[in-house]
Amino acid sequence: MEFERLANVFKNLEDKSERLVKVDILSKFILEIDKDSIKETFMLIGGNIFYPWEDKDTEIAEKLTIKALSIATGYDKQYIENLFVKTGDMGLVAEKLVLEKKQRSIFTKKLSIKDVYDTFRSIGLLGGEGAQDKKIRYLANLFVSSTPLEARYIARLSLEDLKIGVGEGIIIDSIAKAFNFRSEDIEKAYFILNDFGEVVKLILEKGSEAIYNISPILGRPIKVMLAIKADSAKEAFDVVGRPAMIEYKYDGFRVQIHKKGNEISLWTRRLENVTDQFPDVIEFIKECLPMDKDFLVEGEIVGYHDRKYLPFQKISQRIRRKYNIEKMVKEIPVVVRLFDIIYYDNSLLNVPFKERRDLLKSIVKEDENKISVSEGKITDSEEEANNFFNDAIRNGLEGIMFKKLDAKYQPGRRVGYMVKLKPVKESIDVVITGAEWGEGKRGGWLTSYIISILDRETGKLLEVGEVSSGLKEKKESEDDITFEDMTKILKPLIREEDGKMVKIIPKIVIEVLYDEIQKSPKYSSGFALRFPRFVRLRPDKSIEDIDDINRLYDLYRNQKS
Ligand code: ATP
């Protein structure tokens, strides 16, 4: 299929703001997609080139896109940059330039969806000497062959922001509408496969029934089941029913462990591969789990030393670490506390939780310094739950979980099968979308951070405030995050500078506390956090995991009542 057709659909989606209209447009288009480019088309609709588990980025910075446009259209780089600063949208700049193109190429062929996707993929895979120049050339070639409207979306794809107001929710509803399914069934299939193209292929090739019987693919991460929050044991029991399993809530990071044949892989909830970062955990698995079976188990990797649990900040350093791993293994010892099993020679997604947990307990050779099943018990008593909660806090844990005994495993959703009870004031997870350079003795550091939440319907990020407290000027303890640390993290992500303010590519998720949520016209969410403060970095979370506008609204309403 020609890319021009997709560009027209993108334009149509961009021009319409109503969700139902977008779903209508997209669902009709889905029925038109060529069978041999389903994967590529859905990747581009989602604005993606790589899957999260491929650990790859197209990495085309603004400067490269400007250079490519300059080569393709003959306009001066400075002129293009000025246009970009003025409009703030590389897509519109590219469209205008291609329309006025000075250097018409002699021969242009029509771009196909596959051409565009494959070119971006090649760009992302380039490395080594001369890679930069090649990337620019590949991108320039796309612009040379593109129509003005195609150029708009090619430029935006290169900056990973299509601006068509289509998030996962709309794609799910559109597939459901196109093939006559309930959205929840498509959503569940997607949360297992994490590939819209594959979901649609399955429907087309294997028929509708296949959607209800999808099994996890070992070696490819699934979106994990999430918990909702309760303020008391009673409230938690009201959600999960009595009796329920109560378990310690460990303060580490969640890991999915896949084992197929001889391959063991570890995945975060962001669907990132962290196998290489945890050679110690791989050894524990070989010792404590049955190596003659294929399985997918889930648990928490927690820092543990001298029979004490370490705070999350400590092990968060291990998630990103790609070098000196052996040293980290010694300095920050970890253990695994398993709490679920999703595959054991067969998919267990539809098996009740109690049975899954019993099975888990029966197959793990427990060793508290390596791997054990999470501490837990079945009870219907609030008093017992409260005592268990107090024990958990005394042992340096985060709180407790309540789990519904007969619940299926529901990938990717907060459905009330799992409820968490924590003592601390509610924090929220946000992404940094902007920052401000400091002054005086804070000069040279980014010291204030614009934070945003998600509108899940449209995929848009909405600002909720600006954080500058909670970070340190100087490290007092090893776990402190300083302005300098944060500047190092954010500087490579600067997208645009305007005086002291910079726009940041939204990748860094942080947890913040605040005193109150107020309605405010100052930020695009319509809310503002009063006295927001930085709590910690959340490298285990991606943009899709941050809090959304619905939750902010709930928190706002709850505080009023
Ligand atoms: P939080 O920020 O409170 O950790 P979250 O947003 O990371 O929450 P939730 O799904 O809301 O994720 O809370 C459950 C998280 O608690 C799980 O993702 C998991 O990482 C962690 N956890 C620790 N112990 C357990 C346990 N026994 N059972 C389930 N999850 C556990």
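**View 1. Binding-site residues listed in the UniProt record, placed on a predicted model.** For "binding site", the unreviewed UniProt entry lists E247, R254, R269, E300, F339, R414 and K420.

**View 2. R269 in the loop between strand 4 and helix 14.** This residue lies in the loop that runs between strand 4 (263-267) and helix 14 (279-288). R269 counts as buried because 21 other C-beta atoms are found within 10 Å, where 20 or more are required.

**View 3. R414 in strand 11.** Strand 11 comprises residues 414-421, and R414 is found in it. R414 is partly exposed, since 14 other C-beta atoms lie within 10 Å. When residues up to four places away in sequence are not counted, R414 touches L226, A227 and I228.

**View 4. Helix 2 and its buried residues.** Helix 2 (residues 19-30) has 12 residues and reaches 16 Å from its first C-alpha to its last, which is close to the 16 Å expected at 1.5 Å a residue. Its buried residues are K22, V23, L26, F29 and I30. These residues lie on the same side of helix 2 because they cover an arc of only 130° around the axis. The buried residues of helix 2 pack against helix 1 (3-15), helix 10 (168-179) and helix 12 (196-206).

Notes
Residues numbered from 1 in each chain as written. Predicted model: local features only at pLDDT ≥ 70, side-chain atom pairs only at ≥ 80, totals over all residues. UniProt positions renumbered as here; feature names shortened; annotations may be inferred. Helix = DSSP H or I, 4+ residues; strand = E, 2+ residues; numbered from the N terminus. Buried ≥ 20, exposed ≤ 12 C-beta atoms within 10 Å, placed from the backbone. Contact = placed C-beta atoms within 7 Å. Expected span 1.5 Å × (residues − 1). Arc of directions from axis to C-beta.
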